[in-house]
Amino acid sequence: MTQIRGLGYLRVQTRDLDRWRELAVDALGFAVGTGPDPDGLYLRMDERRSRLVLLPGDRDRVLSIGWEVRDRAALAAVGRAVEASGTAVKALTREEAEDRGVEEAIAFDDPAGVRVEIFYAPVLDHSPLVTALGQRFVTGAQGMGHVVLPTTCQEETVAFYTEVLGFLPRGAMRLGGPGAPGPARRVRFMGVNERHHSLAVVPAPHGEEPGLVHLMVEADTLDAVGRALDNVAKHGFSLSSTLGRHTNDKMVSFYVRAPGGWDVEYGCEGMRVDERSYTAEEITADSYWGHDWSGSEPLAAFTPPGPAA
């Protein structure tokens, strides 16, 4: 049984903070939160001080992905399990923990090189949450949403999350569809709570930045998703995928390209998994309808990096 309760936060470095503000706040309706870096953008979805943190820098990359546990004992248990797997664990300093808005945290790299942080006791902001679309984000026991990570070592990455961190397999999708030539390559979905998946891992051709395929956040109504879709067009952002409903988590969503070459999936009506009856499955189509990717620009995770400047 995993100690991890849900996706807690995502920290990203960006070369275009102004464009990110336009996407996240003006188009998608995130509320502006607070944080220690006066040049950073801290975004609220609920009573947490921030869930999505955007910090200025000269490269577009994921800085860390934060996963929440119940308390100090759970944090220690995860640390022991990771160390027993042969992976080095670092305790964040008090200053680093305060920067994340948590009481304590540990950090380590997963087999794909993604910086993972495990924390407990997030700092809360009890002021009213005012979102631009009047929406409520679906968080709470289901966490912030989900992330999809690229990896050049699929089997090792999946084994680390399932066998060391205790994520539960929640099905797969064969890349290229049934009968595709060559060895079967699959997107693997994994969960830690009622959300169908809090994490998915997909084979990628390289391990360089940005280290992310997409972040999914869930709003409480279809109207909020529709208004966000209108806003994305109004602000000139590129749609990676049209509105559609997924087959595995039943989410009605669209995908928008964020600064840095990865996507934000913005959806509603995601299913809830009952572990008493759930069994892992392999889906054979991404969606029941919609989710047309034909106009999508290549994702940075699947584009070979250019020569160093």
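This short talk walks through one predicted protein model, from its sheet to its helices and cores.

Some ground rules. The model is predicted, so local features need pLDDT of at least 70 and side-chain atom pairs count only at pLDDT 80 or more, while totals for chains, interfaces and linings use all residues. Residues are numbered from 1 along each chain as its sequence is written, and side-chain values use heavy atoms, with hydrogens and water left out.

Let's start with the sheet. There is an open sheet of 10 strands with mixed pairing. Its order is E17-E10-E11-E12-E9-E13-E16-E15-E14-E18. Two terms here. Strands are DSSP runs of E, at least two residues, and helices are runs of H or I, at least four residues, both numbered from the N terminus. Two strands pair if DSSP finds at least two bridges between them. In general, strands of a sheet pair through backbone hydrogen bonds, either parallel or antiparallel.

Which strands sit at the edges? They are E17, residues 282–283, and E18, residues 287–290; each pairs on one side only.

Now walk along part of that order. E10, residues 168–174, runs antiparallel to E11, with 5 bridges. One partner pair there is Arg174 and Arg186. E11 also runs antiparallel to E12, over 3 bridges. There, Arg188 has Val201 as its bridge partner. Val148 is partnered with Ala200 in E12.

Why is E11 described as largely enclosed? Because 5 of its 6 residues, 186–191, are buried. Buried means under 20% relative accessible area; exposed is over 50%, and partly exposed is in between, using a 1.4 Å probe and protein chains only.

Gly244 is in strand E14, residues 239–246. Its relative accessibility is 0%, so Gly244 counts as buried. Gly244 and Asp292 are 48 residues apart in sequence, yet 7.8 Å apart in space, C-alpha to C-alpha. Leaving aside neighbours within four places in sequence, Gly244 is in contact with Met251, Val252, Ser253, Trp289, Gly290 and His291. Contact means heavy atoms within 4.5 Å.

Asp263 lies in strand E16. Asp263 is buried too, at 1% relative accessible area. What does its side chain meet at 2.8 Å? The side chain of Ser240, in a polar contact. A polar contact is a pair of N or O atoms within 3.5 Å; within protein, one must be able to donate a hydrogen and the other to accept it, and residues adjacent in sequence count only if both atoms are side-chain atoms.

On to the helices. H1, residues 17–27, lies across strands E15 and E16. H1 runs at about 170 degrees to E15. Axes are lines fitted to C-alpha atoms, for helices over the stretch in contact, and angles run from 0 to 180 degrees between N-to-C directions.

H2, residues 72–84, has 13 residues. H2 reaches 18 Å from its first C-alpha to its last, close to the 18 Å expected. That expected span is 1.5 Å times one less than the number of residues. At the N-terminal end, Asp71 caps H2: a side-chain oxygen lies 3.3 Å from the backbone nitrogen of Ala73. After H2 comes Gly86, with a positive phi near 95 degrees.

Which residues of H2 are buried? Ala74, Leu75, Ala77, Val78, Gly79 and Val82. They pack against strands E5, E7 and E8, and against helix H4.

E7 and E8 deserve a look. They run antiparallel, joined by 7 bridges. Ile106 stands opposite Ile118 in E8. Their hairpin has 5 residues between the strands, and there Gly113 takes a positive phi near 90 degrees. E7 also pairs with E6, residues 90–91, in the antiparallel sense over 2 bridges.

Last, the cores. A nonpolar core is a set of buried Ala, Val, Leu, Ile, Met, Phe, Trp, Tyr and Cys residues joined through side-chain atoms within 4.5 Å. The largest has 63 residues. Leu10, Trp67, Ile118 and Tyr266 touch the most other members. H1 gives the largest share of this core, 6 residues. Apart from it lies another core, of 10 residues, including Met173, Val187, Phe189 and Ala301.
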